[in-house]
Amino acid sequence: MKSEDVAAYLKNNPTFFKEHGEILADVDVEGADPFQRRQIEVLRERHNAEKMRYELVVESARNNMALEQSLHQLACSLLSRGCRQVSQIERLLEEEFDVEGARLLIRTRGGEAPCDEFPLLEKRVAHGSSICDDRVSTALLHALFGADSEIASCAFIPLNSSGSSGVLVLGSKNSERFQPGMGPIYLDRIGELVGAAGASEPG
């Protein structure tokens, strides 16, 4: 194909480089005048921005699929194993969601709080939805996960079930795992599943 044919095609298809920006990465701009060079640079920048947005969408979709699978597996495990003891559910949550700590705190039938920190935890989720935080006090982390804990971020999840009054806390050593402002939808679903499981026995 002659260069004149290429030039004619591009002239008749002015959106070609916009639709195929990846080709610009290999275009040699040496010898182009400043105006042409700037046009190519702008198109490259637009292509890179679009590529980044696409990659973010793909990564988000993958993460959501992984979370959906974990939720499904949690539901299946709760049903098949008949988990009722708090310690069983805590271990299951650590396995399914790859967290270093899980604490399930449930108010007793007599209305007694499971620990001194329980009122503070209830207050955190009093609005009925989960929250994430990477600025949890050392005292609270030690009370929940032990003095040797290396937990750096937490998710606080209300047990969204009429039959249970409690709070589930997931802890991660990764400070980026549970960041303030993260969407609570999947965390709320975990709370619904755990609440529906009817955990009430310690140990």
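I took contact to mean heavy atoms within 4.5 Å. With that cut-off I looked up helix α4 (residues 86-97) and found that α4 lies across β1 and β4. The helix runs at about 145 degrees to β1. I note at the outset that the model is a predicted one.

**Entry 1: the sheet**

I traced the strand order next. The sheet is open and has four strands, in the order β1-β4-β3-β2, with antiparallel pairing. I recorded β1 and β2 (131-133) as the edge strands; each has a single partner strand, so one side of each is left without a neighbour in the sheet. On average, neighbouring strands are turned by 15 degrees against each other, direction ignored.

Helix α7 (residues 185-197) lies across β1, β2, β3 (153-158) and β4. I noted an angle of about 50 degrees between α7 and β3.

**Entry 2: strand β1 and its partner**

I examined how β1 is held to β4. The two strands run antiparallel, and six bridges join β1 to β4 (residues 166-172). I looked up two positions along this pairing. Gly101 stands opposite Gly171 in β4, and Leu104 has Leu168 as its bridge partner there. I also checked how covered the strand is: five of the six residues of β1 are buried, so I describe β1 as mostly covered.

**Entry 3: salt bridges**

I counted the salt bridges and found six in the structure. I looked up three of these pairs in detail.

The pair I took up at the outset was Arg107 with Glu122, where the closest N and O atoms are 2.8 Å apart. Arg107 lies in the loop between β1 (101-106) and α5 (118-124), and Glu122 lies in helix α5, so the pair ties together parts that are 15 residues apart in sequence. I compared the accessibility of the partners. Arg107 is partly exposed, with a relative accessible area of 26%, and Glu122 is likewise partly exposed at 26%.

I then turned to Arg135. This residue forms a salt bridge with Asp133, with 3.4 Å between the closest N and O atoms. The side chain of Arg135 also meets that of Asp134 in a salt bridge, at 3.8 Å from N to O. I found that Arg124, Asp133, Asp134 and Arg135 are linked in a network of salt bridges.

Asp134 is partly exposed, with a relative accessible area of 28%.

**Entry 4: cysteines**

How many disulfides does the structure hold? I found zero. I looked up Cys132 to see why. The closest cysteine sulfur to that of Cys132 belongs to Cys154 and is 9.5 Å away, too far for a bond; the cut-off I applied for a disulfide is 2.5 Å between the sulfur atoms. I also recorded that Cys132 is buried, with a relative accessible area of 9%.

Methods
Residues numbered from 1 in each chain as written. Predicted model: local features only at pLDDT ≥ 70, side-chain atom pairs only at ≥ 80, totals over all residues. Heavy atoms only, no water. Salt bridge = Lys/Arg side-chain N within 4 Å of Asp/Glu carboxyl O. Buried < 20%, exposed > 50% of the residue type's maximum accessible area, 1.4 Å probe, protein only. Pairing = 2+ DSSP bridges. Axes fitted to C-alpha atoms, helices over the stretch in contact; angles between N-to-C directions.
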